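Dear colleague,

Please read them with the structure open beside you.

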Amino acid sequence: MDLEKQPQQQAAPMEPAGIRASDADRDRIADILREAMAEGRLTADEHAERVDAVYRAKTVGELEPLVRDLPAPGGAARTAAPGVHGQEGPTGPAENLVAIFSSSTRKGRWRVGGRTNAFALFGSVEVDLTEALFGQRLTVINATSVFGSVDVKVPENISLRGSGTGIFGNFEVATLESADPEAPVVVVNGYSVFGSVEAKPKRGKFIADLQDRLRKYLG
């Protein structure tokens, strides 16, 4: 009997609040904050302060107090939005681009990950994927703009999708569907408050290896 009790005593100290927070945990909390602001439960300043804390949080215990005084989101459909057309959302670490009374730019020859969080508060964030190296097919960009702007540029021969809301602001994604079924898919989700979020192709910019692949298929 003593041997059976000992494993239970060892498992007891495990505290969920001390578990390291994942990107999915942070996105879930950010969704709750977004709905709370849309419903008028949070002001723009309160929302911006809490979202900044969300992406700085290291553990689940740091995230929970940020939504303790708020109701749970109305449904689970929104949390599944990044995985469009039945695809699961990307996993792995996210890259955070934050501009608070400043600017942040990511462009040139860089390897884009599966998830990027772009947050602008009285600032501007530019995400230029026209020369980026895609390490996976699906890339999700979570864009939030409060009195600022988030600008996403993509090559003309990939697929671009997304959904979001503009609250006294602009949220615009120019939908693209690539002719290549293996082309990267970029999904831009989020919202803007007294600001703008725009995602569109950059004219004349293409991913060269897509053309090589197409020639292989047609040849």
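In this predicted model, Asn96 has Asn117 in β4 as its bridge partner, and the pairing of β1 with strand β4 (residues 115-121) comprises six bridges, the two strands running parallel. Both strands belong to an open sheet of five, ordered β1-β4-β7-β11-β9 with parallel pairing. The edges of this sheet are taken by β1 (95-100) and β9 (159-167), each of which has a single partner strand, so that one side of each remains without a neighbour in the sheet. From one strand to the next, the twist averages 10°.

The aromatic side chains deserve a separate paragraph. Four aromatic pairs are counted under a rule that requires ring centres within 6.5 Å. In one of these pairs, Phe122 and Phe147 have ring centres 4.9 Å apart and planes at 5°, so the pair is stacked. The two residues come from distant parts of the chain, 25 residues apart, with Phe122 in the loop between β4 and β5 (124-128) and Phe147 in the loop between β7 (138-146) and β8 (149-154). Phe122 counts as partly exposed, at 37% relative accessibility, and Phe147 is likewise partly exposed, with a relative accessible area of 33%.

Phe147 also forms a stacked aromatic pair with Phe194, at 5.0 Å centre to centre and with 5° between the planes. Because Phe147 lies in the loop between β7 and β8, whereas Phe194 lies in the loop between β11 (185-193) and β12 (196-201), this pair ties together parts that are 47 residues apart in sequence. Phe194, with a relative accessible area of 43%, is partly exposed. Taken as a group, Phe101, Phe122, Phe147, Phe168 and Phe194 form one aromatic cluster.

Terms used
Residues numbered from 1 in each chain as written. Predicted model: local features only at pLDDT ≥ 70, side-chain atom pairs only at ≥ 80, totals over all residues. Heavy atoms only, no water. Pairing = 2+ DSSP bridges. Helix = DSSP H or I, 4+ residues; strand = E, 2+ residues; numbered from the N terminus. Axes fitted to C-alpha atoms, helices over the stretch in contact; angles between N-to-C directions. Phe/Tyr/Trp six-rings, centres within 6.5 Å; stacked < 30°, edge-to-face > 60°. Buried < 20%, exposed > 50% of the residue type's maximum accessible area, 1.4 Å probe, protein only.
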